[in-house]
Amino acid sequence: MTSQKYTILYGRLSQDDGKAVESNSVTNQRLMLERYAFDNGFENVLFLADDGYTGTNFERPSWKQVEEMIKRGEVETLIVKDLSRLGREYPQVGYYLELFFPNMGVRFIAVNDGVDSLVEEQRFQSDTQLGKRASRKGFQQEGSCGEEAAGRTGRAARRTASLRL
């Protein structure tokens, strides 16, 4: 008798997110993800969520459970509402998208971002979406340093700042 692998629906909401946007509530994420899974024929669905946990690290109880299930080979597909529900730190999210999920044979879907690792073109879009988010955040931080440096060293600092984009 073989056991069927899970399709994990994962939701996350930090306390900061909860204050800003009701549509991101864990309940709404669950309803949306369950509808998506049903409409697209996913079976053996399990919803797990971290409510009140930041996306800036992966030290979250339900995420740890997802990770352990993946390591045991129990997960076929992981579905999230969007990339930010997985996490908000580019290096960590990139690790999961580019190394962990592919090496473990897990399909990853971010519904609202149009990301599906099964489809190469959509996988590229995930890289682009993630890069844009990281660039915006990084540019704002680097931009202020670049402006300070430009004031001190002129053209060379501006050239360096443009290379970071």
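Let's start in strand S3 (residues 75-80), which holds Thr 77; helices and strands here are DSSP runs, numbered from the N terminus (helices H or I, at least four residues; strands E, at least two). This is a predicted model, where local features need pLDDT of at least 70, side-chain atom pairs count only at pLDDT 80 or more, and totals for chains, interfaces and linings use all residues. Residues are numbered from 1 along each chain as its sequence is written, and side-chain values use heavy atoms, leaving out hydrogens and water.

**Thr 77**
- Thr 77 is buried, at a relative accessible area of 3% (buried means under 20%, exposed over 50%, partly exposed in between, with a 1.4 Å probe and protein chains only).
- Beyond its neighbours within four places in sequence, Thr 77 has contacts that include Tyr 6, Phe 42 and Ile 109 (contact means heavy atoms within 4.5 Å).

**Helix H2**
- The buried residues of H2 are Val 26, Gln 29, Leu 33 and Ala 37.
- Down the axis of H2 these fall within an arc of 60°, so they line one face of the helix (the arc is that of the directions from the helix axis to the C-beta atoms).
- Their cover includes strand S1 (6-13), strand S2 (45-51), S3 and helix H4 (83-86).
- Turned away from the buried side, the other face of H2 carries the exposed residues Thr 27, Leu 31, Phe 38 and Asp 39.
- Just after H2, Gly 41 has a positive phi of about 75°.

**Helix H5**
- H5 bends by about 35° at Tyr 96 (the angle between axes fitted to the seven residues ending there and the seven starting there).
- Tyr 96 is also among the buried residues of H5, as are Leu 97 and Phe 100.
- Gly 105 follows H5 with a positive phi, near 70°.
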